[in-house]
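Reader: I'm new to this one. Could you walk me through how to read it?

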Amino acid sequence: MISFMIALVALVLGYLIYGRFVERVFGPDNRPTPAVSRADGVDYVVLPNWKIFMIQFLNIAGTGPIFGAIMGAKFGPVAYLWIVFGCIFAGAVHDYMSGMLSIRHGGANLPDLIGNYLGMPTKRIMLAFSIVLLMMVGVVFVYSPAEILSNMWEPQMVSNALGHNFFWIIVIFAYYIIATMMPIDKIIGKVYPLFAFSLIFMALALMVMMFVKMPALPEVWDGLGNMGQDTLGFSDPVFPCLFITIACGAISGFHATQSPLMARCVKNERQARPIFYGAMITEGIVALIWASVAMYFFYGSPAPGYQVIEAAAATGAHTSAPSVVNIICNEWLGIVGGILALLGVVAAPITSGDTAFRSARLIIADFLNFEQHSIRRRLLVCVPMFAAAMGLLVWQMADKDGFQKIWSWFGWSNQTLSVFTLWAITVYLVRAKKNYFITLIPALFMTVVCATFLMVSKQAFGLDTSIAYIGSAAVLIVALCWFMWWFKHETR
(Lines give C-alpha, C1' and ligand atoms only; values in the text may rest on other atoms or scores of the structure.)
Protein backbone atom coordinates (compact mmCIF):
# COMPACT_ATOMS: atom_id res chain seq x y z
CA MET A 1 0.00 0.00 0.00
CA ILE A 2 2.96 2.36 0.50
CA SER A 3 3.76 2.44 -3.24
CA PHE A 4 0.10 3.10 -4.00
CA MET A 5 -0.11 6.03 -1.57
CA ILE A 6 3.14 7.57 -2.87
CA ALA A 7 1.89 7.22 -6.44
CA LEU A 8 -1.46 8.81 -5.53
CA VAL A 9 0.20 11.82 -3.93
CA ALA A 10 2.58 12.12 -6.90
CA LEU A 11 -0.32 12.35 -9.37
CA VAL A 12 -2.00 15.11 -7.38
CA LEU A 13 1.26 17.05 -7.05
CA GLY A 14 1.89 16.48 -10.75
CA TYR A 15 -1.31 18.32 -11.59
CA LEU A 16 -0.65 21.16 -9.15
CA ILE A 17 3.03 21.70 -10.02
CA TYR A 18 3.93 20.29 -13.44
CA GLY A 19 0.48 21.00 -14.86
CA ARG A 20 0.85 24.68 -14.01
CA PHE A 21 4.35 24.68 -15.52
CA VAL A 22 3.03 23.21 -18.78
CA GLU A 23 0.24 25.80 -18.81
CA ARG A 24 2.79 28.60 -18.49
CA VAL A 25 4.82 27.13 -21.35
CA PHE A 26 1.82 27.26 -23.68
CA GLY A 27 0.54 30.62 -22.45
CA PRO A 28 -3.29 30.73 -22.58
CA ASP A 29 -4.89 34.16 -23.06
CA ASN A 30 -8.30 35.79 -23.42
CA ARG A 31 -8.75 35.56 -27.21
CA PRO A 32 -12.20 34.33 -28.39
CA THR A 33 -12.46 30.54 -28.48
CA PRO A 34 -14.11 28.55 -31.30
CA ALA A 35 -17.13 27.86 -29.06
CA VAL A 36 -17.80 31.61 -29.15
CA SER A 37 -16.52 32.68 -32.57
CA ARG A 38 -17.88 29.70 -34.53
CA ALA A 39 -20.97 28.75 -32.51
CA ASP A 40 -23.31 26.58 -34.63
CA GLY A 41 -25.57 24.91 -32.06
CA VAL A 42 -24.37 21.41 -33.08
CA ASP A 43 -20.65 20.90 -32.43
CA TYR A 44 -19.53 24.41 -31.43
CA VAL A 45 -21.50 24.98 -28.23
CA VAL A 46 -20.40 26.70 -25.00
CA LEU A 47 -20.86 24.28 -22.07
CA PRO A 48 -20.28 24.73 -18.31
CA ASN A 49 -16.73 23.92 -17.18
CA TRP A 50 -17.73 21.06 -14.87
CA LYS A 51 -19.75 19.44 -17.64
CA ILE A 52 -16.88 19.73 -20.16
CA PHE A 53 -14.53 18.13 -17.62
CA MET A 54 -16.88 15.20 -16.98
CA ILE A 55 -17.49 14.63 -20.70
CA GLN A 56 -13.78 14.90 -21.49
CA PHE A 57 -12.99 12.42 -18.73
CA LEU A 58 -15.58 9.91 -19.97
CA ASN A 59 -14.56 10.41 -23.61
CA ILE A 60 -10.90 9.66 -22.97
CA ALA A 61 -11.51 7.04 -20.29
CA GLY A 62 -14.39 4.68 -21.06
CA THR A 63 -13.13 1.37 -19.74
CA GLY A 64 -9.53 2.11 -20.76
CA PRO A 65 -8.16 2.97 -17.29
CA ILE A 66 -10.00 -0.09 -15.92
CA PHE A 67 -9.24 -2.85 -18.43
CA GLY A 68 -5.77 -1.57 -19.33
CA ALA A 69 -4.80 -1.16 -15.67
CA ILE A 70 -6.06 -4.65 -14.81
CA MET A 71 -4.06 -6.23 -17.62
CA GLY A 72 -1.06 -4.03 -16.80
CA ALA A 73 -1.25 -5.06 -13.12
CA LYS A 74 -0.15 -8.55 -14.16
CA PHE A 75 3.32 -7.08 -14.69
CA GLY A 76 3.48 -6.13 -11.02
CA PRO A 77 4.32 -2.83 -9.25
CA VAL A 78 6.31 -1.54 -12.22
CA ALA A 79 2.84 -0.49 -13.45
CA TYR A 80 2.83 2.20 -10.73
CA LEU A 81 5.85 3.91 -12.26
CA TRP A 82 4.42 3.95 -15.76
CA ILE A 83 1.02 5.28 -14.62
CA VAL A 84 2.60 8.08 -12.56
CA PHE A 85 5.43 9.20 -14.85
CA GLY A 86 3.53 8.46 -18.04
CA CYS A 87 0.45 10.37 -16.91
CA ILE A 88 2.23 13.47 -15.52
CA PHE A 89 4.99 13.93 -18.08
CA ALA A 90 3.47 12.40 -21.23
CA GLY A 91 -0.29 11.75 -21.22
CA ALA A 92 -1.53 14.90 -19.50
CA VAL A 93 0.90 17.08 -21.49
CA HIS A 94 -0.24 15.33 -24.71
CA ASP A 95 -3.93 15.93 -23.88
CA TYR A 96 -3.52 19.54 -22.75
CA MET A 97 -1.36 20.59 -25.66
CA SER A 98 -3.51 18.88 -28.30
CA GLY A 99 -6.63 20.47 -26.78
CA MET A 100 -5.04 23.93 -26.71
CA LEU A 101 -3.74 23.62 -30.26
CA SER A 102 -7.23 22.66 -31.39
CA ILE A 103 -8.62 25.77 -29.68
CA ARG A 104 -5.96 27.98 -31.29
CA HIS A 105 -6.76 26.50 -34.73
CA GLY A 106 -10.51 27.05 -34.61
CA GLY A 107 -11.43 23.66 -33.15
CA ALA A 108 -9.34 21.77 -35.73
CA ASN A 109 -9.34 17.96 -35.73
CA LEU A 110 -6.17 15.98 -35.12
CA PRO A 111 -5.26 15.25 -38.79
CA ASP A 112 -5.46 18.99 -39.57
CA LEU A 113 -3.21 19.80 -36.61
CA ILE A 114 -0.69 17.16 -37.65
CA GLY A 115 -0.82 18.43 -41.24
CA ASN A 116 -0.08 21.98 -40.09
CA TYR A 117 3.11 20.94 -38.33
CA LEU A 118 4.29 17.71 -39.95
CA GLY A 119 3.23 18.40 -43.56
CA MET A 120 0.47 17.39 -45.95
CA PRO A 121 1.78 13.85 -46.71
CA THR A 122 1.71 13.08 -42.98
CA LYS A 123 -1.74 14.65 -42.72
CA ARG A 124 -3.10 12.30 -45.39
CA ILE A 125 -1.60 9.30 -43.62
CA MET A 126 -2.98 10.43 -40.27
CA LEU A 127 -6.37 11.13 -41.80
CA ALA A 128 -6.77 7.51 -42.82
CA PHE A 129 -4.99 6.28 -39.69
CA SER A 130 -7.28 8.29 -37.36
CA ILE A 131 -10.48 7.19 -39.08
CA VAL A 132 -9.46 3.52 -38.99
CA LEU A 133 -8.45 3.81 -35.32
CA LEU A 134 -11.71 5.52 -34.37
CA MET A 135 -13.74 2.89 -36.21
CA MET A 136 -11.78 0.15 -34.42
CA VAL A 137 -12.60 1.86 -31.11
CA GLY A 138 -16.29 1.85 -32.03
CA VAL A 139 -16.20 -1.80 -33.09
CA VAL A 140 -14.26 -3.17 -30.12
CA PHE A 141 -16.60 -1.27 -27.79
CA VAL A 142 -19.73 -2.76 -29.37
CA TYR A 143 -19.22 -6.49 -29.03
CA SER A 144 -18.29 -6.81 -25.34
CA PRO A 145 -21.25 -4.80 -23.94
CA ALA A 146 -23.58 -6.52 -26.44
CA GLU A 147 -22.39 -9.91 -25.22
CA ILE A 148 -22.91 -8.98 -21.57
CA LEU A 149 -26.41 -7.62 -22.23
CA SER A 150 -27.30 -10.69 -24.32
CA ASN A 151 -26.34 -12.98 -21.45
CA MET A 152 -28.75 -11.01 -19.27
CA TRP A 153 -31.64 -10.91 -21.76
CA GLU A 154 -32.40 -10.81 -25.47
CA PRO A 155 -35.55 -11.56 -27.53
CA GLN A 156 -35.59 -15.25 -28.39
CA MET A 157 -37.16 -14.55 -31.78
CA VAL A 158 -34.33 -12.24 -32.80
CA SER A 159 -31.57 -14.55 -31.53
CA ASN A 160 -33.13 -17.50 -33.38
CA ALA A 161 -33.32 -15.55 -36.62
CA LEU A 162 -30.04 -13.61 -36.53
CA GLY A 163 -27.94 -15.30 -33.87
CA HIS A 164 -26.75 -14.56 -30.36
CA ASN A 165 -25.80 -10.94 -29.55
CA PHE A 166 -27.24 -9.44 -32.75
CA PHE A 167 -30.22 -7.79 -31.05
CA TRP A 168 -28.03 -5.71 -28.75
CA ILE A 169 -25.49 -5.03 -31.51
CA ILE A 170 -28.30 -3.51 -33.58
CA VAL A 171 -29.57 -1.52 -30.60
CA ILE A 172 -26.11 -0.15 -29.80
CA PHE A 173 -25.44 0.79 -33.43
CA ALA A 174 -28.83 2.50 -33.64
CA TYR A 175 -27.89 4.51 -30.56
CA TYR A 176 -24.52 5.36 -32.13
CA ILE A 177 -26.20 6.76 -35.24
CA ILE A 178 -28.63 8.90 -33.22
CA ALA A 179 -26.04 10.16 -30.71
CA THR A 180 -23.41 10.84 -33.39
CA MET A 181 -25.80 13.04 -35.36
CA MET A 182 -27.42 14.89 -32.45
CA PRO A 183 -26.08 18.27 -31.22
CA ILE A 184 -23.42 17.68 -28.58
CA ASP A 185 -25.43 19.31 -25.79
CA LYS A 186 -28.53 17.12 -26.29
CA ILE A 187 -27.39 13.59 -25.35
CA ILE A 188 -23.66 13.79 -24.61
CA GLY A 189 -24.01 17.01 -22.63
CA LYS A 190 -26.90 15.73 -20.52
CA VAL A 191 -26.23 12.00 -19.94
CA TYR A 192 -22.47 11.49 -20.11
CA PRO A 193 -21.60 13.46 -16.95
CA LEU A 194 -23.70 10.91 -15.02
CA PHE A 195 -21.73 7.99 -16.48
CA ALA A 196 -18.47 9.81 -15.72
CA PHE A 197 -19.60 10.30 -12.14
CA SER A 198 -20.34 6.56 -11.82
CA LEU A 199 -16.82 5.66 -13.02
CA ILE A 200 -15.22 8.10 -10.57
CA PHE A 201 -17.50 6.99 -7.72
CA MET A 202 -16.70 3.32 -8.36
CA ALA A 203 -12.96 4.02 -8.26
CA LEU A 204 -13.23 6.11 -5.07
CA ALA A 205 -15.37 3.44 -3.39
CA LEU A 206 -12.71 0.83 -4.17
CA MET A 207 -10.01 3.13 -2.82
CA VAL A 208 -11.94 3.53 0.44
CA MET A 209 -12.21 -0.27 0.69
CA MET A 210 -8.47 -0.54 0.11
CA PHE A 211 -7.79 1.74 3.08
CA VAL A 212 -10.30 -0.24 5.15
CA LYS A 213 -8.77 -3.61 4.26
CA MET A 214 -5.15 -2.38 3.95
CA PRO A 215 -4.17 -5.38 1.79
CA ALA A 216 -0.57 -6.46 1.39
CA LEU A 217 0.30 -5.31 -2.13
CA PRO A 218 3.56 -5.79 -4.03
CA GLU A 219 5.77 -2.73 -3.59
CA VAL A 220 8.00 -1.06 -6.17
CA TRP A 221 11.12 -2.03 -4.17
CA ASP A 222 10.09 -5.70 -4.41
CA GLY A 223 11.32 -5.63 -8.01
CA LEU A 224 10.47 -4.12 -11.38
CA GLY A 225 10.49 -7.30 -13.43
CA ASN A 226 7.40 -9.02 -14.78
CA MET A 227 5.92 -10.56 -11.64
CA GLY A 228 3.21 -12.29 -13.68
CA GLN A 229 5.65 -14.45 -15.61
CA ASP A 230 5.54 -17.44 -13.26
CA THR A 231 2.27 -17.05 -11.35
CA LEU A 232 -0.17 -15.96 -14.04
CA GLY A 233 1.25 -17.20 -17.32
CA PHE A 234 1.90 -13.63 -18.45
CA SER A 235 5.43 -13.68 -19.87
CA ASP A 236 5.51 -10.62 -22.15
CA PRO A 237 8.56 -8.37 -21.63
CA VAL A 238 7.89 -5.27 -19.52
CA PHE A 239 9.41 -3.15 -22.26
CA PRO A 240 7.59 -2.45 -24.52
CA CYS A 241 4.45 -4.46 -23.68
CA LEU A 242 3.55 -2.67 -20.43
CA PHE A 243 3.60 0.67 -22.27
CA ILE A 244 1.15 -0.62 -24.87
CA THR A 245 -1.08 -2.45 -22.38
CA ILE A 246 -1.60 0.56 -20.07
CA ALA A 247 -2.47 3.33 -22.49
CA CYS A 248 -5.48 5.30 -21.24
CA GLY A 249 -4.04 5.49 -17.72
CA ALA A 250 -0.71 6.89 -18.94
CA ILE A 251 -0.78 8.19 -22.53
CA SER A 252 -3.18 7.46 -25.37
CA GLY A 253 -3.29 8.83 -28.91
CA PHE A 254 -7.05 8.31 -28.94
CA HIS A 255 -7.32 11.21 -26.49
CA ALA A 256 -6.05 13.66 -29.11
CA THR A 257 -9.00 12.71 -31.34
CA GLN A 258 -11.39 13.48 -28.46
CA SER A 259 -9.88 16.74 -27.20
CA PRO A 260 -11.14 18.74 -30.24
CA LEU A 261 -14.72 17.77 -29.31
CA MET A 262 -14.39 19.64 -26.03
CA ALA A 263 -12.08 22.31 -27.50
CA ARG A 264 -15.19 23.39 -29.43
CA CYS A 265 -17.10 23.88 -26.16
CA VAL A 266 -14.57 25.80 -24.00
CA LYS A 267 -15.47 29.45 -23.39
CA ASN A 268 -12.02 30.64 -22.23
CA GLU A 269 -8.51 29.27 -22.79
CA ARG A 270 -7.66 29.63 -19.11
CA GLN A 271 -10.23 26.92 -18.34
CA ALA A 272 -8.28 24.34 -20.35
CA ARG A 273 -5.80 23.06 -17.73
CA PRO A 274 -8.45 21.60 -15.36
CA ILE A 275 -10.33 20.18 -18.35
CA PHE A 276 -7.55 18.58 -20.41
CA TYR A 277 -4.62 18.13 -18.02
CA GLY A 278 -6.95 17.55 -15.08
CA ALA A 279 -9.09 14.92 -16.82
CA MET A 280 -5.96 12.94 -17.69
CA ILE A 281 -4.66 13.08 -14.12
CA THR A 282 -8.09 11.92 -12.93
CA GLU A 283 -7.90 9.03 -15.37
CA GLY A 284 -4.44 8.20 -14.04
CA ILE A 285 -5.83 8.06 -10.50
CA VAL A 286 -8.61 5.72 -11.66
CA ALA A 287 -6.03 3.51 -13.40
CA LEU A 288 -3.83 3.55 -10.28
CA ILE A 289 -6.72 2.39 -8.09
CA TRP A 290 -7.72 -0.41 -10.46
CA ALA A 291 -4.12 -1.56 -10.91
CA SER A 292 -3.70 -1.72 -7.11
CA VAL A 293 -6.92 -3.63 -6.51
CA ALA A 294 -6.11 -6.00 -9.38
CA MET A 295 -2.63 -6.64 -7.91
CA TYR A 296 -4.27 -7.71 -4.69
CA PHE A 297 -6.53 -10.09 -6.57
CA PHE A 298 -3.67 -11.39 -8.71
CA TYR A 299 -0.94 -11.66 -6.08
CA GLY A 300 -2.62 -11.34 -2.69
CA SER A 301 -2.37 -14.28 -0.36
CA PRO A 302 -4.16 -15.58 1.63
CA ALA A 303 -7.90 -15.13 0.90
CA PRO A 304 -9.98 -13.52 -0.34
CA GLY A 305 -8.22 -12.04 -3.34
CA TYR A 306 -5.98 -14.80 -4.64
CA GLN A 307 -8.45 -17.59 -3.90
CA VAL A 308 -11.32 -15.72 -5.51
CA ILE A 309 -9.33 -15.35 -8.72
CA GLU A 310 -8.31 -19.00 -8.60
CA ALA A 311 -11.93 -20.08 -8.14
CA ALA A 312 -12.97 -17.89 -11.10
CA ALA A 313 -10.26 -19.16 -13.47
CA ALA A 314 -12.81 -21.22 -15.37
CA THR A 315 -14.63 -18.02 -16.35
CA GLY A 316 -11.49 -16.53 -17.86
CA ALA A 317 -10.78 -14.22 -14.92
CA HIS A 318 -7.02 -14.52 -15.41
CA THR A 319 -7.21 -12.92 -18.82
CA SER A 320 -10.65 -11.33 -19.00
CA ALA A 321 -10.67 -7.82 -17.55
CA PRO A 322 -14.51 -7.60 -17.48
CA SER A 323 -14.58 -10.77 -15.35
CA VAL A 324 -12.12 -9.26 -12.91
CA VAL A 325 -14.23 -6.07 -12.71
CA ASN A 326 -17.31 -8.10 -11.81
CA ILE A 327 -15.48 -10.20 -9.22
CA ILE A 328 -13.81 -7.22 -7.54
CA CYS A 329 -16.93 -5.05 -7.39
CA ASN A 330 -19.18 -7.84 -6.15
CA GLU A 331 -16.66 -9.00 -3.53
CA TRP A 332 -15.87 -5.54 -2.17
CA LEU A 333 -18.95 -3.42 -2.92
CA GLY A 334 -21.82 -5.90 -2.90
CA ILE A 335 -25.03 -5.11 -4.78
CA VAL A 336 -24.01 -1.51 -5.36
CA GLY A 337 -20.70 -2.76 -6.75
CA GLY A 338 -22.47 -5.09 -9.13
CA ILE A 339 -24.53 -2.22 -10.50
CA LEU A 340 -21.45 -0.02 -10.84
CA ALA A 341 -19.59 -2.85 -12.55
CA LEU A 342 -22.45 -3.18 -15.02
CA LEU A 343 -22.22 0.54 -15.77
CA GLY A 344 -18.47 0.23 -16.13
CA VAL A 345 -18.39 -2.69 -18.55
CA VAL A 346 -21.54 -1.76 -20.51
CA ALA A 347 -22.22 1.99 -20.46
CA ALA A 348 -18.61 3.23 -20.53
CA PRO A 349 -17.50 1.36 -23.66
CA ILE A 350 -20.69 2.36 -25.46
CA THR A 351 -20.07 6.03 -24.71
CA SER A 352 -16.45 5.71 -25.88
CA GLY A 353 -17.64 4.15 -29.12
CA ASP A 354 -20.17 6.93 -29.58
CA THR A 355 -17.63 9.74 -29.24
CA ALA A 356 -15.18 7.82 -31.43
CA PHE A 357 -17.70 7.73 -34.25
CA ARG A 358 -18.55 11.39 -33.64
CA SER A 359 -14.87 12.30 -34.00
CA ALA A 360 -14.64 10.22 -37.17
CA ARG A 361 -17.68 12.04 -38.60
CA LEU A 362 -16.11 15.42 -37.94
CA ILE A 363 -12.74 14.40 -39.38
CA ILE A 364 -14.34 13.06 -42.57
CA ALA A 365 -16.60 16.11 -42.86
CA ASP A 366 -13.65 18.50 -42.50
CA PHE A 367 -11.72 16.59 -45.16
CA LEU A 368 -14.68 16.69 -47.58
CA ASN A 369 -15.49 20.29 -46.60
CA PHE A 370 -19.04 19.23 -45.63
CA GLU A 371 -20.79 21.60 -43.27
CA GLN A 372 -22.44 19.65 -40.45
CA HIS A 373 -25.27 21.96 -39.49
CA SER A 374 -27.80 20.19 -41.71
CA ILE A 375 -28.97 16.65 -40.94
CA ARG A 376 -28.67 15.64 -44.61
CA ARG A 377 -24.95 16.42 -44.68
CA ARG A 378 -24.45 14.52 -41.44
CA LEU A 379 -26.22 11.52 -42.92
CA LEU A 380 -24.01 11.61 -46.02
CA VAL A 381 -21.03 11.04 -43.74
CA CYS A 382 -22.61 8.72 -41.19
CA VAL A 383 -24.26 6.13 -43.47
CA PRO A 384 -21.12 4.89 -45.29
CA MET A 385 -19.06 5.19 -42.08
CA PHE A 386 -21.40 2.95 -40.10
CA ALA A 387 -21.74 0.52 -43.03
CA ALA A 388 -17.96 0.07 -43.04
CA ALA A 389 -17.96 -0.34 -39.25
CA MET A 390 -20.65 -3.03 -39.48
CA GLY A 391 -18.54 -4.86 -42.07
CA LEU A 392 -15.54 -4.78 -39.73
CA LEU A 393 -17.70 -6.06 -36.88
CA VAL A 394 -19.08 -8.93 -38.99
CA TRP A 395 -15.52 -9.95 -39.89
CA GLN A 396 -14.53 -9.80 -36.22
CA MET A 397 -17.42 -12.06 -35.24
CA ALA A 398 -16.75 -14.53 -38.08
CA ASP A 399 -13.10 -14.97 -37.04
CA LYS A 400 -12.74 -16.68 -33.65
CA ASP A 401 -9.61 -14.60 -33.01
CA GLY A 402 -11.08 -11.45 -34.56
CA PHE A 403 -11.54 -9.52 -31.33
CA GLN A 404 -8.01 -10.29 -30.11
CA LYS A 405 -6.54 -9.25 -33.47
CA ILE A 406 -8.43 -5.95 -33.58
CA TRP A 407 -7.65 -5.22 -29.91
CA SER A 408 -3.96 -5.95 -30.35
CA TRP A 409 -3.61 -3.67 -33.36
CA PHE A 410 -5.85 -1.08 -31.73
CA GLY A 411 -3.40 -0.88 -28.81
CA TRP A 412 -0.40 -0.36 -31.08
CA SER A 413 -2.27 2.06 -33.37
CA ASN A 414 -3.43 4.02 -30.35
CA GLN A 415 0.10 4.59 -29.08
CA THR A 416 1.44 5.26 -32.58
CA LEU A 417 -1.10 8.05 -32.94
CA SER A 418 0.26 9.58 -29.73
CA VAL A 419 3.73 9.54 -31.32
CA PHE A 420 2.60 11.67 -34.27
CA THR A 421 0.69 14.00 -31.95
CA LEU A 422 3.70 14.52 -29.70
CA TRP A 423 5.97 15.22 -32.66
CA ALA A 424 3.46 17.75 -34.06
CA ILE A 425 3.28 19.52 -30.69
CA THR A 426 7.08 19.54 -30.50
CA VAL A 427 7.29 21.25 -33.90
CA TYR A 428 4.77 23.85 -32.72
CA LEU A 429 6.77 24.54 -29.55
CA VAL A 430 10.04 24.89 -31.49
CA ARG A 431 8.46 27.35 -33.96
CA ALA A 432 6.82 29.28 -31.12
CA LYS A 433 10.20 29.45 -29.33
CA LYS A 434 8.81 27.70 -26.27
CA ASN A 435 10.21 24.88 -24.11
CA TYR A 436 9.99 21.95 -26.55
CA PHE A 437 11.67 19.41 -24.26
CA ILE A 438 8.37 18.77 -22.45
CA THR A 439 7.10 16.92 -25.55
CA LEU A 440 10.37 15.97 -27.27
CA ILE A 441 11.35 13.49 -24.54
CA PRO A 442 7.93 11.74 -24.48
CA ALA A 443 7.91 11.74 -28.31
CA LEU A 444 11.29 9.98 -28.46
CA PHE A 445 10.26 7.49 -25.78
CA MET A 446 6.94 6.56 -27.38
CA THR A 447 8.59 6.31 -30.81
CA VAL A 448 10.93 3.69 -29.40
CA VAL A 449 8.07 1.90 -27.60
CA CYS A 450 5.95 1.55 -30.74
CA ALA A 451 8.88 0.52 -32.94
CA THR A 452 10.04 -2.07 -30.41
CA PHE A 453 6.54 -3.51 -30.06
CA LEU A 454 6.44 -4.09 -33.82
CA MET A 455 9.74 -5.93 -33.59
CA VAL A 456 8.76 -8.25 -30.71
CA SER A 457 5.08 -8.76 -31.56
CA LYS A 458 4.30 -12.19 -32.96
CA GLN A 459 1.71 -10.57 -35.24
CA ALA A 460 4.45 -8.45 -36.83
CA PHE A 461 8.17 -9.37 -36.95
CA GLY A 462 8.37 -11.59 -33.85
CA LEU A 463 12.07 -10.92 -33.24
CA ASP A 464 14.00 -12.11 -30.21
CA THR A 465 13.90 -9.56 -27.40
CA SER A 466 17.65 -8.91 -27.40
CA ILE A 467 17.64 -8.24 -31.14
CA ALA A 468 14.59 -5.99 -30.80
CA TYR A 469 16.30 -3.95 -28.09
CA ILE A 470 19.28 -3.35 -30.37
CA GLY A 471 16.82 -2.26 -33.03
CA SER A 472 15.07 0.07 -30.57
CA ALA A 473 18.40 1.73 -29.74
CA ALA A 474 18.92 2.29 -33.46
CA VAL A 475 15.42 3.80 -33.76
CA LEU A 476 16.19 6.20 -30.90
CA ILE A 477 19.44 7.34 -32.52
CA VAL A 478 17.78 7.84 -35.92
CA ALA A 479 14.84 9.77 -34.44
CA LEU A 480 17.11 12.00 -32.38
CA CYS A 481 19.47 12.70 -35.30
CA TRP A 482 16.51 13.43 -37.57
CA PHE A 483 15.12 15.94 -35.06
CA MET A 484 18.50 17.62 -34.58
CA TRP A 485 18.92 17.97 -38.36
CA TRP A 486 15.43 19.47 -38.70
CA PHE A 487 15.95 21.74 -35.67
CA LYS A 488 19.20 23.09 -37.12
CA HIS A 489 17.53 24.00 -40.44
CA GLU A 490 14.37 25.34 -38.76
CA THR A 491 16.10 27.72 -36.35
CA ARG A 492 19.06 29.01 -38.34
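**Reading the model**

Author: Let's start with a crossing: H10 passes H14 in a left-handed crossing. Left-handed is the word if the near helix is turned anticlockwise from the far one by less than a right angle, and right-handed if clockwise. This is a predicted model, where local features need pLDDT of at least 70, side-chain atom pairs count only at pLDDT 80 or more, and totals for chains, interfaces and linings use all residues. Residues are numbered from 1 along each chain as its sequence is written, and side-chain values use heavy atoms, with hydrogens and water left out.

Reader: At roughly what angle do the axes of H10 and H14 cross?

Author: Axes are lines fitted to C-alpha atoms, for helices over the stretch in contact, with angles from 0 to 180 degrees between N-to-C directions. Helices themselves are DSSP runs (H or I, at least four residues), numbered from the N terminus. Here, helix H10 (residues 188-213) and helix H14 (residues 272-299) have axes that come within 10 Å and cross at roughly 45°.

Reader: How many residues of helix H13 are buried?

Author: Buried means under 20% relative accessible area, exposed over 50%, and partly exposed in between (1.4 Å probe, protein chains only). In helix H13 (residues 254-263), 10 of its 10 residues are buried, including Phe254, His255 and Pro260.

Reader: Which residues form the nonpolar patch on the surface?

Author: A patch takes residues with over 30% relative accessible area and no salt bridge, joining like charges within 9 Å and nonpolar side chains (Val, Leu, Ile, Met, Phe, Trp, Tyr) within 5 Å. A salt bridge would be a side-chain nitrogen of Lys or Arg within 4 Å of a carboxyl oxygen of Asp or Glu. In this case the patch holds Ile2, Met5, Ile6, Phe211, Met214 and Trp221, with about 600 Å² of accessible area together. Helix H1 (residues 2-26) gives the most, with 3 residues. Met5 sits in helix H1 and is partly exposed, at a relative accessible area of 32%.

Reader: What is the phi of Met214 near?

Author: Phi of Met214 is near 45°, a positive value in a residue other than glycine. You'll find Met214 in the loop between H10 and helix H11 (228-231), partly exposed at 44% relative accessible area. Lys433 also has a positive phi, near 60°, and counts as exposed at 77% relative accessibility.

Key:
Accessible areas come from the Shrake-Rupley method with a 1.4 Å probe; for residues, only the protein chains shown count as cover. Helices (H or I, at least four residues) and strands (E, at least two) are DSSP runs, numbered from the N terminus.
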